[in-house]
Amino acid sequence: MYKYQKAESPLHDMLTDFLENGPFPALAVGIVKDNNIIFTGEYGKANLSTGDPVDRSTLFHQAPSQKHLLLQPLCNWLSVE
């Protein structure tokens, strides 16, 4: 989480809920607006066998087909801010 970011945010709550009820074991998010970091977050398990959590150094395989799943909710959240 970015050092100036509030832990209690609607986006944090939405992503936590998405991960608990969604099809993915882990997720990392970073949002930049006007060259400023406005949100970062790491969610889920980096290793399901050991239960290790995701952190800033966790490597992810990026698949283009998965990016659209969060794009619309994130755009909606940013338009409200």
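Me: Before we start, what should I know about the numbering and the values?
Reply: Residues are numbered from 1 along each chain as its sequence is written, and side-chain values use heavy atoms, with hydrogens and water left out. The model is predicted, so to speak of local features pLDDT must be at least 70, side-chain atom pairs count only at pLDDT 80 or more, and totals for chains, interfaces and linings use all residues.

Me: How do you know how many helices and strands the protein has, and in what order do they run?
Reply: Helices (H or I, at least four residues) and strands (E, at least two) are DSSP runs, numbered from the N terminus. By that rule the protein has two helices and three strands, and their order from the N terminus is α-β-β-β-α.

Me: Which residues make up the largest nonpolar core, and what makes it a core?
Reply: A nonpolar core is a set of buried Ala, Val, Leu, Ile, Met, Phe, Trp, Tyr and Cys residues joined through side-chain atoms within 4.5 Å. The largest one here has eight residues: Leu11, Leu15, Leu19, Leu27, Val29, Ile31, Phe39 and Tyr43. Helix α1 (10–21) and strands β1 (26–33) and β2 (36–47) each give two or more residues to this core.

Me: What does Tyr43 touch beyond its sequence neighbours?
Reply: Contact means heavy atoms within 4.5 Å. Leaving aside neighbours within four places in sequence, Tyr43 is in contact with His12, Leu15, Thr16, Leu19, Pro25, Ala26, Leu27 and Val54.

Me: Why is Thr16 called partly exposed?
Reply: Thr16 has 25% relative accessibility, so the residue counts as partly exposed. Thr16 lies in helix α1.

Me: Why is the pair Glu42 and Arg56 called a salt bridge?
Reply: A salt bridge is a side-chain nitrogen of Lys or Arg within 4 Å of a carboxyl oxygen of Asp or Glu. The closest N and O atoms of Glu42 and Arg56 are 3.9 Å apart, and the pair forms a salt bridge. The pair links distant parts of the chain, with Glu42 in strand β2 and Arg56 in the loop between β3 (52–53) and α2 (64–80), 14 residues apart. A search of the whole structure finds one salt bridge.

Me: What makes the link between Thr40 and Arg56 a polar contact?
Reply: A polar contact is a pair of N or O atoms within 3.5 Å; within protein, one must be able to donate a hydrogen and the other to accept it, and residues adjacent in sequence count only if both atoms are side-chain atoms. The side chains of Thr40 and Arg56 are joined by such a contact of 3.4 Å. Thr40 is found in strand β2, and with a relative accessible area of 10% Thr40 is buried.

Me: Why is the pair of Phe18 and Phe24 called tilted?
Reply: Rings of Phe, Tyr and Trp (its six-membered ring) pair if their centres lie within 6.5 Å; planes under 30 degrees apart count as stacked, over 60 as edge-to-face and the rest as tilted. By this rule the count comes to one aromatic pair. The centres of the Phe18 and Phe24 rings are 5.9 Å apart and the planes stand at 40 degrees, so the pair is tilted. Phe18, at 22% relative accessibility, is partly exposed, and Phe24 is partly exposed with 22%.

Me: What makes Asp34 and Asn35 stand out in phi?
Reply: Most residues other than glycine have a negative phi. Asp34 has a positive phi of about 55 degrees, and phi of Asn35 is near 65 degrees, also positive.

Conventions
Buried < 20%, exposed > 50% of the residue type's maximum accessible area, 1.4 Å probe, protein only.
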